[in-house]
Amino acid sequence: MNTLTAELKVKIIDILNLSDLSPENFDENDRLVGGSLGIDSIDVLEMVVMVEKDYGVVINSQEVGEKIFSSLASLAEYIKENTPGSPS
Amino acid sequence: MGKRVYIADLGIISPLGEGVAATEEALRGNCSAIAPLDLFPLLHGEPLPTGQIRGLAEQSDLPRTHRLAHNAALQAMASGNTPPDVLDAIILGNTTGGILTTETLLRNKASNKALYRYHGLHSVAEYLAQELGCHGMALTVSTACSSGAVAIAMALAMLRSGKAKTVLAGGVDSLCRLTYFGFHSLQLVDRQGCRPLDADRHGMAVAEGAAMLLLTTEKPDRPLAELLGAGLSCDAYHPAAPHPEGRGALMAMQAALADAGLTPTDIGYISLHGTGTPENDLAEAKAVNTLFAAPPPLSSIKGATGHSLAASGAIEAVVSALAVAKDFLPANTGCQNPDPALGLIPLNRPTTQPTRAVLSNSFGFGGNNGCLVIAKPDNFSPPPPGRTKTGLAIHGFSCLTGAGDTAATMALLAQGLPVAGTPDLAAISANLPPNLVRRLKRLPRLTLSLALSAHQDSGFEAKPGAVFMGTGWGALSETHDFLARLTDSGEQFPSPTDFVGSVHNGPAGQTAILFGAAGANITASGGDYSFEQALLAADLMLEEGPNTALVLGADEGHSVLSPLLDPSIAPEALLADGGGAFCLGRKTENAHCLVRVPFYQSGTAEGSITALIDALGRVQTLNSKYALLLVGIPAAVQKEGEEQLTRFLEQSGIQAPIIRYREFTGEFASASAVAAVMAASFLTSGKVPGPLVSGNDLALAANNPAILVLGLGRYLSAMEFSRP
């Protein structure tokens, strides 16, 4: 597991107040939105704000958003590819 | 036969202009008034399109909301058909009060409480009452974007009940940073203006405005229209998104038609909620297509006006009154290519067409829906006779105070000890599902905990179908955190979660979701009389029959905002909060006790104490009727309140023991909800604990059963609790 994924787990548990979850039992390949975690559209928008604030990556379309937030792994991938200054 | 309710006069100010004539002219021109915001400076980026009112005179220290409401109210009262002294009540829909002013004060770290005196939602209705000389009820409805329509629906119920003959009802909101950045954080704002029902629509335009309807059961010489019916519902689905199939929207439309005694084919025009967000328009279209085999002409005017939140339902009621008065149907401004997925073809140009009845839709956050039916006067049958009996039967109750839950609170009170303080958030949340409350801060958790306990206490298996909530200050944590993060992040990263949670009706919406309560869902905000307003709303809106409702009053103590906003909370004082809840209905069998609200009027009017006593019954009977007085005198009006109490006791001859309940509960706006629970608890146990009445236990004998909960100060309110 890379650093970005580990970091995202901690941040998402914190901002969405997923108190039942710990980084250890947060599977990055599990369904993130609409799955058993009860994460919905408002949570997605909260994560959009976090991604922009902490990583400088802007996600401003719902259609794209749905794909990006399908799992934590896909979110990490998207951030990695779109971080300003990173090779793409 | 019931009473017909006429629309005697109208007042409106919106981005389209000031006054009915200017509004009509603008709508006939089919142009959008949506333009980039310049009301307040922005730190970053291009201003978003908004529906801003231009040229409103900037004078005095009154917040913009108050000035907009006053403007519309003066128009509605200007014709002279109805002199102001016969105005029995004002019912105003509002979501953000004087927050535009508050935002600036908070940024400047202003600490002078007096500067915040117009923050509260109730301050707008009370300001109107003062300016118009209305001494009756001044009620504030806050159900997000349906507030204006719900206020008008409550006015209709009040007029039909005979409690009032003339009511000024409407809605108001001004643009502010909270809503401007809040809706943007939800990605609900269309950067190209607002295009309701268009295939390429991308959202709403946040707007401002005010509209007022002068409603009366005394038929004016030339009534503009008749308010024929209203229907309320709650999606009970999600705090911000509409039910995808438009379930609540359909129920509210059906309820409005049934209330009006009409069938879908009677409707000649639908004024859609039509915000321009993909989800709203789709859900609304599904509901319309379910109810109407062949929908009549329809349009949303929000492409022209933007979405003025609490004002929108009232603005669209004015436009609906114009539609039947002038046979004029406005276009769906901004829609170029109707979305084929909606299956609706909105009016693409202003149209003149004979129109007897209009359905006007308003839907809001919290799934709070309100629909109105407005018709040509006397064209349809009058309503059936109204219910004459008032009062509600209490089957379960609960409270939260600094002492803890109901049992802990009553145990301390039984020893004559205070219960003031702030209950622990973890303890409050203990009985709440973690996944439901993970996003919720203090007020919604207090509310849900109260609601669950009251329902549990009722022993009912059936869940309550309606929710009536009173809160003086709303969700202060969410409001504070939203504005703080907005400022701290240089206006870049406000929290969408906090915005959704900041609306006053958030807690009642969450309660509806928890219970699946799909009936009426009304949040009232009346400062220190908020719980009384919720109880009044419940008595007006709860139908006969077996259905039960939750009536709640709750406020949170917030270390930064409470001392600034609540005039009764001293800067260094220890905070107190909590509230009370009732599970109640119309059926009196097996009820703990009964409650009614015989009086609610301005406390400053001449003769108000006499009027209060008259409302309670014959003066010779009062001393034997009431075994106990629970009296609420907010600290900010200590002197006036004590004077009122002295006069009340002198004139009424009541010699019952008095408990000044705020000495026990501490100072918070909905302390009266705790007092109400005390009354219900004493009646249930049959005694008032001796230490509270400085003596022996006071037995509540069967022949002397009533407890009066008096609210004193700016308003005088009376809640009467008695045995069934």
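**View 1. The contact between chain B and chain A in this predicted model.** In this predicted model, 14 residues of chain B are in contact with 13 residues of chain A. On the chain B side of this contact, helix H13 (434–437) and helix H16 (496–502) each supply at least two residues, and the largest share, 3 residues, comes from H16(B). Sorted by class, the side of chain B that touches chain A has 7 nonpolar, 5 polar and 2 charged residues.

**View 2. Chain A, a chain of 4 helices and 0 strands.** From the N terminus on, the elements of chain A run α-α-α-α, and the C-alpha trace spans about 35 × 25 × 20 Å along its principal axes. A compact globule of 88 residues would have a radius of gyration near 12 Å, and chain A, with 12 Å, agrees with that expectation. Of the 88 residues of chain A, 28% count as buried, while residues 24 or more positions apart account for 58% of the contacts with a separation of 6 or more. The mean pLDDT of chain A is 88, and 92% of the residues score at least 70; among the elements of this chain, helix H3 (residues 62–68) has the lowest mean pLDDT (75), whereas helix H1 (residues 3–15) has the highest (95). Where pLDDT is low, the predicted coordinates should not be read in detail.

View 3. A:Ile15 counts as partly exposed, because 15 C-beta neighbours lie inside 10 Å, whereas a buried residue would need 20 or more. Not counting residues up to four places away in sequence, A:Ile15 touches A:Glu46 and A:Met50. A:Met50 is 35 residues from A:Ile15 in sequence, yet the two are 8.5 Å apart in space, C-alpha to C-alpha.

**View 4. Chain B and its overall dimensions.** Chain B holds 24 helices and 27 strands, and its C-alpha trace spans about 75 × 60 × 50 Å along the principal axes. For 724 residues, a compact globule would have a radius of gyration near 27 Å, and the 24 Å of chain B agrees with this. Buried residues make up 64% of the 724 residues in chain B, and of the contacts with a separation of 6 or more, 81% are accounted for by residues 24 or more positions apart.

**View 5. Domain 1 and domain 2 of chain B and the contact between them.** The domain assignment of chain B gives domain 1 (6–375) and domain 2 (392–722), with C-alpha centres that lie 29 Å apart. Between these domains, 48 residues of domain 1 are in contact with 48 residues of domain 2. The elements that each supply at least two residues of the domain 1 side include helix H3 (99–107), helix H5 (147–161) and strand S9 (225–234) of chain B. The residues of that side of domain 1 divide into 25 nonpolar, 18 polar and 5 charged.

**View 6. The largest nonpolar core, with B:Ile707 among its residues.** This core has 269 residues, and those with the most contacts inside it are B:Ile152, B:Met154, B:Leu213, B:Val318 and B:Ile707. Both domain 1 (6–375) and domain 2 (392–722) of chain B give residues to the core, so it lies between them. Leaving aside its neighbours within four places in sequence, B:Ile707 is in contact with several residues, among them B:Tyr626, B:Leu630, B:Phe682 and B:Phe721.

Terms used
Residues numbered from 1 in each chain as written. Chains lettered and ligands numbered in written order. Predicted model: local features only at pLDDT ≥ 70, side-chain atom pairs only at ≥ 80, totals over all residues. Domains from an automatic or database assignment. Contact = placed C-beta atoms within 7 Å. Nonpolar A, V, L, I, M, F, W, Y, C, P; charged D, E, K, R; others polar. pLDDT = per-residue confidence, 0-100. Rg over C-alpha atoms; globule rule 2.2 N^0.38 Å. Buried ≥ 20, exposed ≤ 12 C-beta atoms within 10 Å, placed from the backbone. Core = buried A, V, L, I, M, F, W, Y, C linked by C-beta atoms within 7 Å.
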